Amino acid sequence: MTAVDNIKLEAGWKQALREEFDKPYMKSLGDFLRQEKAAGKEIYPPGPLIFNALNSTPLAQVRVVIIGQDPYHGPGQAHGLCFSVQPGVPTPPSLLNIYKELKRDLNIDIPGHGCLQHWAEQGVLLLNTSLTVERGIAGSHAGKGWHAFTDKVIETVSQQCEHLVFLLWGAHAQSKQRLIDPTRHLVLRSPHPSPLSAHRGFLGNGHFGRTNKFLEQHGLAPIDWRLPEL
């Protein structure tokens, strides 16, 4: 038995990432998280949702990859999908700008919630580069090993899948472009959707329409970006 056998993880990802879970950095990361919890610190998202992005979007079904930074650090927000919040939580400002661009690009009405689970279940891998965070402290787990793990996730989808679309919004996501094979996949870049930068080129980037056009050109079903009301 290896370390990954103790973790609930979709079978395709479990096979592809099996060796990663046995590396020293992942053991150190696990020890760190256990120590933080033992010290009474609140860690987000809840344990069963840490790998929600991978469990919601099986490796064989990935069509689009959106890269975020770290989970929301407010109570009840994070559930393991980048930019997404749990049902009943107000839509965060960056996600609202994503919705505004969807409305402008594809005339999709802005939903009344911020849960992107419907996208994940269609093959949109909503990957934060850190998968945990301490309550109230943005970026608090960024240097603890998650980046090595999620870099491996990005490399894996680049190598094992064909005709993906990678949406790299902002400098942090764009720093991961080195892990992506541009001869096999479409890479779309723009500023981040945060209120600080969205007006510099995120709004108007047309990424959602361009994503679907690329998928259809390669005989793949487009993403239904409409989110059902909860």
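**Close-up 1. Ser 140, in the loop between E4 and H6**. In this predicted model, local features need pLDDT of at least 70 and side-chain atom pairs count only at pLDDT 80 or more, while totals for chains, interfaces and linings use all residues. Residues are numbered from 1 along each chain as its sequence is written, and side-chain values use heavy atoms, with hydrogens and water left out. Helices (H or I, at least four residues) and strands (E, at least two) are DSSP runs, numbered from the N terminus. The side chain of Ser 140 reaches the backbone nitrogen of Glu 134 at 2.8 Å. That is a polar contact, meaning a pair of N or O atoms within 3.5 Å; within protein, one must be able to donate a hydrogen and the other to accept it, and residues adjacent in sequence count only if both atoms are side-chain atoms. Setting aside neighbours within four places in sequence, Ser 140 is in contact with Asp 70, Val 133 and Glu 134, where contact means heavy atoms within 4.5 Å. From Ser 140 to Cys 161 there are 21 residues in sequence and 32 Å in space, C-alpha to C-alpha.

**Close-up 2. Helix H6, residues 142–160**. The 19 residues of H6 should span 27 Å at 1.5 Å a residue, and the end C-alpha atoms are 26 Å apart, which agrees. The expected span is 1.5 Å times one less than the number of residues. Among the buried residues of H6 are Trp 146, Phe 149, Val 153, Ile 154 and Val 157. Here buried means under 20% relative accessible area, exposed over 50%, and partly exposed in between (1.4 Å probe, protein chains only). The partners that the buried residues of H6 pack against include helix H1 (11–17), helix H2 (24–38) and strand E5 (165–169).

**Close-up 3. Ser 130, in the loop between E3 and strand E4 (133–134)**. Look for Ser 130 inside the model: its relative accessibility is 1%, so it counts as buried. Its side chain makes a polar contact with the side chain of His 147 at 3.3 Å. Not counting residues up to four places away in sequence, Ser 130 also touches others, including Gln 69, Pro 71 and Trp 146.

**Close-up 4. Helices H4 (residues 93–106) and H8 (residues 207–217)**. The two helices pack at about 60°, with their axes 8 Å apart. Axes are lines fitted to C-alpha atoms, for helices over the stretch in contact, and angles run from 0 to 180 degrees between N-to-C directions. H4 is therefore oblique to H8; under 35 degrees counts as roughly parallel, over 145 as roughly antiparallel, 65 to 115 as roughly perpendicular and the rest as oblique. Ile 98, Glu 101, Leu 102, Asp 105 and Leu 106 in H4 meet His 207, Phe 208 and Gly 209 in H8.

**Close-up 5. Asn 205, in the loop between strand E6 (186–190) and H8**. With 10% relative accessibility, Asn 205 counts as buried. The Asn 205 side chain makes a polar contact with the side chain of Ser 190 (3.1 Å) and reaches the backbone nitrogen of His 207 at 2.9 Å.

**Close-up 6. Backbone details at Pro 45 and Phe 83**. Most residues other than glycine have a negative phi, and most peptide bonds are trans. The peptide bond from Tyr 44 to Pro 45 is cis, with omega near -5°. Phe 83, in the loop between E2 and H4, has a positive phi of about 70° although it is not a glycine.
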